[in-house]
Amino acid sequence: MVMPSICKYHQCFLFITFMISNPIYCFDIEKKSLNVLVGGFFPVCSEKNCSKLCGKINIERGVHRVVAMLFAIDEINANDSLFPNFKIQPQIYDTCNQDSKALDGALDIVKIKNKQNICGSSEPVGGVIGPSSSSASIEVAKLLRLFQIPQISYAASSPLLSDRTKFNYFLRTVPSDSEAIKVIIAVAKYFQWSSVSVLYSEGPYGESLFETFQELPENKSLCIVKQMKVNNNSNFTSIIEKLRQPKNTNAVLLLCTDNHILNIIRNASYLNASFLWLSLDFWLTNKSFLQTSKIHNATKSVIIVRQSVGEQKKFEEYFYSSSFLNNKQNNWLKEIWEESFDCNITLNTCDLSNIIFDSKVSYVIDAVYALAYAFNKALNNSNNDLNSDVLSNGSLILNKLTNNFYNGSFGYTQFNEFGYTFNGYEIMQIQNDQYVKIGTFHDRLIINGSQIVLPFKPEQFNCSEPCAYNARKVVGTPSCCFTCETCPPNKIGKNEVCEECPTNQTLSDQAQSCIPISIKFISRTLVIIISVLASIGVVATVFVSLIFVYYRRTDIVISSVPELSFSLLFGILLCYVLTYFMIADQTKFFCYIQKYGISLSFCICYGSLLLKAFWFASSLYNNKKSKKETLNPIASSQFFYLSSVILFQLVISFVQFYQTGKDKPLESVSYNGGMITICSFSDSDFLASFMYNFILIFVCTIYAFRTRKVPLSFNEAKYIGFLMYASIILWVCFIPAYITRDDKVVQMITLSMNIPLHATSILATIFGPKVYFILTRRNQRERSFSSYSYADNGNSYIICSNVYYLS
């Protein structure tokens, strides 16, 4: 290799040796105030030539960024009005685009913090700018956080670096690539790409990008046809051939590092492969790459998402200024320019007008200014105590960085909770070897369609026929390949799930879509009939209750156990009221009232009757033994027994609700050419809720049977017995008629008529005779003591009790 003339200059000896343990640039400044040292990490040399003397130089990514840091420092040091108390001294390292070299430089920064500065100065270390790559930034950040040295990268964009628990001393002036992935997906959707192939680099950068791409909800509509991981040893020709296989899409998303993108595009151009490339902003910083004739055809179909470029007019003026290029300390740059462009700056034969500046220049400037503002805030809060310990206090500087704004290339900006700033993106396309902006993204994507020129349309990948409306997708590999699985009845397929139609909709006749329901109601005539019957029952129950309240001190009311009589009346009233809920427009609340209220109301009725029968049977049994009159039961005991009976029913209802409460309580069924919404009670739910009531009826019937030989005139024993026999007949007739009906509407109507019928039978049988006697036999309301003989198994008993002769 021929050595360039740059090597003869002493000023660039550090550049020439490329020993990264030494800085390539020690910038001497006049010590007028407190100085603070800031490290800079830049990929000046190319990776392959880093170990060679004066190897190939990265002009855009290396030199431009170094000059940007020097420009920002010159501005800050010259601005005594804004930054009066300190001067920044740079110490710049060449990372050669290698993680190990960057880590070596970080170790040197740590030594400087421990007063071992190879540049011969003893300034405090205030922070570090860089490195460029995400992988290098990760390694450097892990080290610097241990020594509390703030670090601001101008290009590292991996989503991994947003973890503030691991990288709490790391910040960046560029946004995370998780934001860029959102923009890429938005661009793909704009061009109506339904499928893409994805190439991503092996390592933290590429793998974290691809993982973010997969996890974002916005990505669900994009099918990943092929996904391939690439590394330095990959066969890129084979990768291109795989992408060209039949049925593959020609839209390719590149989530790769620079070198991998270079190899991919060069091989695609060599094989004359036609793809639509969607990539991050690597292209914008490589003019030489763009102008290479070997890849000219491949770049015609490139769409690039890059971070917005901030204001850098002053930087360009600084870069072109003779004062900068002719500065003796900058002879290294002068030599690089003359060697790279075969010209002479002194003789003014170098044409610098066609320079495409690196897109990260503004972000380098912002990183330096962010540190400067943090230094200034720290010194101001220390009452202008010009103590080097203030600027070397990493936790203090970090606090000022994260909690204050700085004035940079995009105006006043602040780091967010993930440690980066967001200034939007630009959408670029390569046209005729030029970069044309076709859109922007800030809060949303804005594309200028008239600026877009694509040589061909995307070929979308499709390996499956669309599923029928009543089937769902079962996704295979790739994700856009799927099989179809028929949905259950009354459900419609929606992507990968089967969904029921909304409450106010139903499936069309061909099960193709959900259509609005034509709402129907129960026949108005039938509703009026049931309502009138229930209203008559409510009035009758209230009337009987008022009679019992008014004549509560009479012996006929007292001897009928008034506590149980009133609880029985309450249960009857509840039955009539529930009828209104059944014929009304159904809601979820109404359904729960019906499901658990009906069984509760009958439990109150049959529980009261059971206690009445039990008390009378007990009285009869005690009289057999003692031949003494049995007094009326104590009210408190009756309430206790009845509460126990009702509580058991409530426990059953609670268990039932716990097991089935999450089930949908409403369903829509066909009725008279339309749909009607009813409560979706299953037959098993209905029988389970009434099972306890059937047990009460059975036990009450047993007690009624035991007292069957008591004379008819003896209280209400015979009436309870007759009522139990009638109830059994009614339920035996009702249950088969209910559960054998497939029509849910008929079931609902049958139940709404059966409930008031049962309530009426109880009201008429138990309270009808008493009310008649109270209202018509006023002269016979006095209690008489009666005795009668009762024969049982050949034994004769004299039974004494309270008697009301109702004949």
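Buried means under 20% relative accessible area, exposed means over 50%, and partly exposed lies in between (1.4 Å probe, protein chains only). Keep that scale in mind for the whole tour.

This is a predicted model, where local features need pLDDT of at least 70 and side-chain atom pairs count only at pLDDT 80 or more, while totals for chains, interfaces and linings use all residues. Residues are numbered from 1 along each chain as its sequence is written, and side-chain values use heavy atoms, with hydrogens and water left out.

**Stop 1: the whole chain**

Helices (H or I, at least four residues) and strands (E, at least two) are DSSP runs, numbered from the N terminus. Of the 807 residues, 53% are buried.

**Stop 2: the largest nonpolar core**

Select Phe86 and Ile88. They touch the most other members of the largest nonpolar core, which has 61 residues. Such a core is a set of buried Ala, Val, Leu, Ile, Met, Phe, Trp, Tyr and Cys residues joined through side-chain atoms within 4.5 Å. Elements giving two or more residues to this core include strand S2 (34–42), helix H2 (59–78), strand S3 (86–94) and helix H13 (361–381). Color H13 next: it gives the most, with 15 residues. Apart from this core lies another, of 58 residues, with Tyr551, Ala617, Cys700 and Ile762 among them.

**Stop 3**

Select Leu647, Leu650, Val651, Phe654 and Val655. Together they make a nonpolar surface patch of about 470 Å². Patch residues have over 30% relative accessible area and no salt bridge; nonpolar side chains (Val, Leu, Ile, Met, Phe, Trp, Tyr) are joined within 5 Å, like charges within 9 Å. Areas come from the Shrake-Rupley method with a 1.4 Å probe; for residues, only the protein chains shown count as cover. Zoom in on valine 651, in helix H20 (residues 635–660). Valine 651 is partly exposed, at 44% relative accessibility.

**Stop 4: the disulfide**

Now select cysteine 487 and cysteine 498. A disulfide joins them, S to S 2.0 Å; the term means a pair of cysteine sulfur atoms within 2.5 Å. A search of the whole structure finds one disulfide. The torsion about its S-S bond is about -80°, so the disulfide is left-handed. Cysteine 487 is buried at 8%, whereas cysteine 498 is partly exposed at 22%.

**Stop 5: salt bridges**

A salt bridge is a side-chain nitrogen of Lys or Arg within 4 Å of a carboxyl oxygen of Asp or Glu. By this rule there are five salt bridges.

- Select arginine 65 and aspartate 358: they meet at 2.9 Å, N to O. Arginine 65 lies in helix H2 and aspartate 358 in the loop between H12 and H13, so the pair ties together parts 293 residues apart in sequence.
- Select arginine 306 and glutamate 426: their closest N and O atoms are 2.7 Å apart. Both residues are buried.
- Select lysine 229 and glutamate 207: they meet at 3.3 Å, N to O. Lysine 229 is partly exposed, at 41%.

**Stop 6: a buried asparagine**

End at asparagine 693, in helix H21 (residues 683–706). Asparagine 693 is buried, with a relative accessible area of 1%. Show its surroundings: asparagine 693 touches Ser599, Phe602, Cys603, Tyr606 and Gln649, not counting residues up to four places away in sequence. Contact here means heavy atoms within 4.5 Å.
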